[in-house]
Amino acid sequence: MANINLVTDKENTKVLGTGTGALLVAFFVVAMIYAGMVFYGNKLDADLIAVKDDYTNKFNIFSIGDSKRVLDFQNRLKISDKLLATERDNGKDLANIEDVMIAGVYLNSYSYDAQTKSIKIDCYADSYDTVAKQILSFKGDDYFSFVLAGETKIDATRKMINFPVVLTIK
């Protein structure tokens with residue numbers, strides 16, 4: 001009785017089970033992601049090398065050729081800023097003088113003394129009353145801290161009164 005088959009139903013045996021198929025699919029997905037990351041990493045490495053080479057080239061061009069010109073221009077800008085900060089704005093001074101000038105007074109000369117921060121102007125007026133009003137107008141302005149009227153003279157050629165004024169700026 002050694003060759004007796006007691007099995008009544010035929011058994012279906014699968015070579016690959018459901019779990020084994022799922023494992024193979026997961027392995028294939030992981031392998032594809034890994035291969036994609038390797039290729040992407042290689043692309044990033046190549047891009048990094050290209051950017052480094054571009055930076056090196058531009059740095060060499062700048063340091064060899066244009067750096068002296070750029071630095072010279074920067075130094076000139078710094079020096080000009082200092083000079084502009086120390087220089088007096090004559091346009092502003094003249095604008096303030098123009099604002100306080102009254103009718104009938106004419107400006108003949110203008111000079112600025114940087115040491116005393118004062119402006120010396122030479123004016124002409126048609127009467128002594130106009131001279132007094134003009135000096136009072138200068139004294140009433142807040143831009144000037146001190147007003148000094150000089151000696152008045154009659155100019156026979158112009159038939160006007162000449163009076164110098166020294167204005168000290170605040």
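Student: Which strand does Asp155 lie in?
Tutor: Asp155 lies in strand β4, residues 153-155 (a strand is a DSSP run of E, at least two residues, numbered from the N terminus). This is a predicted model, where local features need pLDDT of at least 70 and side-chain atom pairs count only at pLDDT 80 or more, while totals for chains, interfaces and linings use all residues. Residues are numbered from 1 along each chain as its sequence is written, and side-chain values use heavy atoms, leaving out hydrogens and water.

Student: Is Asp155 buried or exposed?
Tutor: Asp155 is buried (under 20% relative accessible area, with a 1.4 Å probe and protein chains only).

Student: Then what does its side chain touch?
Tutor: The side chain of Asp155 makes a polar contact with that of Thr157, at 2.8 Å (N or O atoms within 3.5 Å, one able to donate a hydrogen and the other to accept it; residues adjacent in sequence count only if both atoms are side-chain atoms).

Student: New topic: how are the rings of Phe138 and Phe144 arranged?
Tutor: By the pairing rule (centres within 6.5 Å; planes under 30 degrees apart are stacked, over 60 edge-to-face, the rest tilted), there are three aromatic pairs. The centres of Phe138 and Phe144 are 6.1 Å apart and their planes stand at 90°, so this pair is edge-to-face.

Student: And which ring pairs with Phe144 at 5.2 Å?
Tutor: Tyr143 does, edge-to-face, with 80° between the planes, and ring pairs link Phe138, Tyr143 and Phe144 into a cluster.

Student: How buried is Phe138?
Tutor: Phe138 has a relative accessible area of 0%, while Phe144 is buried at 3% and Tyr143 counts as buried at 15%.

How values were computed
Rings of Phe, Tyr and Trp (its six-membered ring) pair if their centres lie within 6.5 Å; planes under 30 degrees apart count as stacked, over 60 as edge-to-face and the rest as tilted. Buried means under 20% relative accessible area, exposed over 50%, partly exposed in between (1.4 Å probe, protein chains only). Helices (H or I, at least four residues) and strands (E, at least two) are DSSP runs, numbered from the N terminus. Lys and Arg count as positive and Asp and Glu as negative; His and the chain ends are not counted. A salt bridge is a side-chain nitrogen of Lys or Arg within 4 Å of a carboxyl oxygen of Asp or Glu.
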